[in-house]
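Please read them alongside the sequence and coordinates.

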Amino acid sequence: MKKIMTVLLLLLVAAVTKADGLDRLASKFKEKEGALYMASIEEIDKLEKAGYFKVRKKRCEDKEDAVNRFVEKLNDKGVKDARALILDDCTCDAKQRFMKKIDDAIPGSYESFIRLGGDDGNFRVYVKKMDESVKLLCIITGNARCGFFEIESDNSILNSMLNFD
């Protein structure tokens, strides 16, 4: 019995330590009223349902087919995966708490790439080079727009632009 409990405890610890700071941050804020969380590229329909992009109807097609085609195009262009936490419709208090916690949640493997700031908030981009791909992490903090999105891409143009090739 002790062996089983030890194995289960080790599995739990492994699962918890595997989650990066962004995962932990997302789990704290995704249940807030007005929050929108997309855990993978396959969930991009959540963004469409919330009105973050409009599906053009050139032909008689349903929105599900259009979203599926959009995901296919992303995959064809080298986007392997994406996730997003959008807090635009959350309370100011939730956005303020997110802004206080986001810096600690950025994994240490990311390098700062660009920082832009203004009266209405900040926009930061971080880059992480991996074996076969690049991850971009964009963080938006402000009273109107707030959240992050992360994209993993094997796009050769992006790699060469960032001097990784």
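1. Helix α5, residues 92-105, has 14 residues and spans 20 Å from its first C-alpha to its last, close to the 20 Å expected at 1.5 Å a residue; the expected span is 1.5 Å times one less than the number of residues. Helices (H or I, at least four residues) and strands (E, at least two) are DSSP runs, numbered from the N terminus.

2. The model is predicted: local features need pLDDT of at least 70, side-chain atom pairs count only at pLDDT 80 or more, and totals for chains, interfaces and linings use all residues. Residues are numbered from 1 along each chain as its sequence is written, and side-chain values use heavy atoms, with hydrogens and water left out.

3. A kink of about 30 degrees is centred on Met99 in α5, the bend being the angle between axes fitted to the seven residues ending at a residue and the seven starting there.

4. Ala94, Lys95, Phe98, Ile102 and Ala105 are the buried residues of α5 (under 20% relative accessible area, 1.4 Å probe, protein chains only). Their cover includes α2 (21-29), β2 (79-86), β4 (121-129), β5 (134-141) and β6 (147-153).

5. Strand β3 (residues 111-118) runs antiparallel to β4, with 7 bridges, and a hairpin of 2 residues joins them. Ile114 stands opposite Val125 in β4. Strands pair if DSSP finds at least two bridges between them.

6. Strands β4 and β5 are also antiparallel, joined by 8 bridges and by a hairpin through 4 residues. Here Phe123 stands opposite Ile140 in β5.

Note on methods
Buried < 20%, exposed > 50% of the residue type's maximum accessible area, 1.4 Å probe, protein only. Contact = heavy atoms within 4.5 Å.
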